[in-house]
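The stops below are given in the order in which to select them.

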Amino acid sequence: MNKLVYTAIVSALAAYAQSTYYVSPSGNDSTGVGSSSNPSATPARAIPQIPGNGSTIIARDGTYGQTLITRKFEKRVLLRAENAYRARIHNANALALFVWNASNVEIAGFDIARTNPLTPHPLATHIAASTNIVFRNNFIHESYNNDLVKINEESRGVVIIGNIFRNQQGGAGQHIDVNGCTDVTIRDNIFFNDAAAGSMSQAAINLTHGFIVVKNSGNVPESRRTRIVNNVFLNYQGSLGSNYVLIGEDAKPFHEAQEIDVENNLMMGNSWMRMRAPFSVKGGRDIVFRNNTVVGNI
């Protein structure tokens, strides 16, 4: 056997046998095998190559472009930044992170953002038609006239935990939009707006919506069993008619969301702008609002 061929086979088998893989902006998607010394260049390249056995992909510091995750793993795969918030998933003219038709994936420690306010419609992050997805300890920020995170297309078993959300601006979208999904948990996150940090104009501020909506824009399935617990909402900057948390939005002739728990959250009125109410229901049933703290001038 040719020595070069033998070396390539041994290297490939070693990469397959490992449980930790590496990506780096200085890596190579053509020749990288995911080892520490020979990483791939992007998570999008590593995801289809690794075995579905509960592996970890470590993303080294630097900026990655649009990242697509579309694979159903048997055991949860962890994609995490080597150093929190120093690995950036940024995109200027389209959504930054798209999790579609995937399962058993956890994404942790990234800075995720849109970067071009002149292309206002794309989402920052989208979870669609997926199951058992976890977003943990990410900084998700800057979307222009659309959601920071949209969860839809019958996704289920989604957990959004320990993240920081900043600045959805403009007349469409929220920080998180849960639309026609089941078993979604949003807990231990911090939500706020900062117009100066996002270079938001006063016109954009006046149009900006609230922070979380749970609804159903279609006819099936129903949105059921969303839990919004232990979060902090503060520094509201947006339209007078919005809310920190809104259940139902699209005036459908049915209950847009059912079996919703909003519990143990802190909702602060610490900014110069006012809102309609910190919590609102416009078409839901079996909604529990329990042990929340609402303080300040809202």
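Start by selecting Arg225, which is partly exposed because its relative accessible area is 37% (buried means under 20% relative accessible area, exposed over 50%, partly exposed in between, with a 1.4 Å probe and protein chains only). This is a predicted model, in which local features need pLDDT of at least 70 and side-chain atom pairs count only at pLDDT 80 or more, while totals for chains, interfaces and linings use all residues. Residues are numbered from 1 along each chain as its sequence is written, and side-chain values use heavy atoms, with hydrogens and water left out.

**Salt bridges**

Asp183 forms a salt bridge with Arg225, and the closest N and O atoms are 2.7 Å apart (a salt bridge is a side-chain nitrogen of Lys or Arg within 4 Å of a carboxyl oxygen of Asp or Glu). Asp183 is in strand S17 (residues 182-187) and Arg225 in strand S20 (residues 223-229), so the pair ties together parts that are 42 residues apart in sequence. Helices (H or I, at least four residues) and strands (E, at least two) are DSSP runs, numbered from the N terminus. Asp183 itself counts as partly exposed, at 34% relative accessibility.

The structure holds 15 salt bridges. Next, select Lys215, which counts as buried at 8% relative accessibility. Which residue forms a salt bridge with Lys215 at 3.9 Å? That residue is Asp177, the distance being between the closest N and O atoms. Asp177 belongs to strand S16 (residues 176-179) and Lys215 to strand S19 (residues 212-215), 38 residues apart. Asp177 is buried too, like Lys215.

Now show Asp250, which forms a salt bridge with Lys215, with the closest N and O atoms 3.7 Å apart. Asp250 sits in the loop between strand S22 (245-247) and strand S23 (257-263) and Lys215 in strand S19, so this pair ties together parts that are 35 residues apart in sequence. Asp250 is partly exposed, with a relative accessible area of 30%. To see the network of salt bridges, select Asp147, Lys150, Asp177, Lys215, Glu249 and Asp250 together.

**The sheet**

Switch to cartoon view. Nine strands form an open sheet with parallel pairing, in the order S3-S6-S9-S12-S15-S18-S21-S24-S27 (two strands pair if DSSP finds at least two bridges between them). Strand S3 (62-64) and strand S27 (293-296) stand at the edges with a single partner strand each, so one side of each is left without a neighbour in the sheet. Go to S21 and strand S24 (residues 266-269), which pair in the parallel sense over two bridges. Here Phe233 stands opposite Met267 in S24.

**Two asparagines**

Select Asn231, in the loop between S20 and strand S21 (232-234). Buried or exposed? Asn231 counts as buried, at 1% relative accessibility. The Asn231 side chain reaches the backbone nitrogen of Asn189 at 2.9 Å. Contacts of Asn231, not counting residues up to four places away in sequence, include Ile186, Phe191 and Leu266 (contact means heavy atoms within 4.5 Å).

Finish at Asn91, which is found in strand S6 (residues 87-91). Asn91 is buried, with a relative accessible area of 18%. Its side chain reaches the backbone oxygen of Leu95 at 3.2 Å, and a polar atom of that side chain lies 3.2 Å from the backbone oxygen of Ala94. Leaving out residues up to four places away in sequence, Asn91 touches Gln66, Ala96, Ala113, Arg114 and Thr115.

Notes
Polar contact = N/O pair within 3.5 Å; in protein donor to acceptor, adjacent residues only side chain to side chain.
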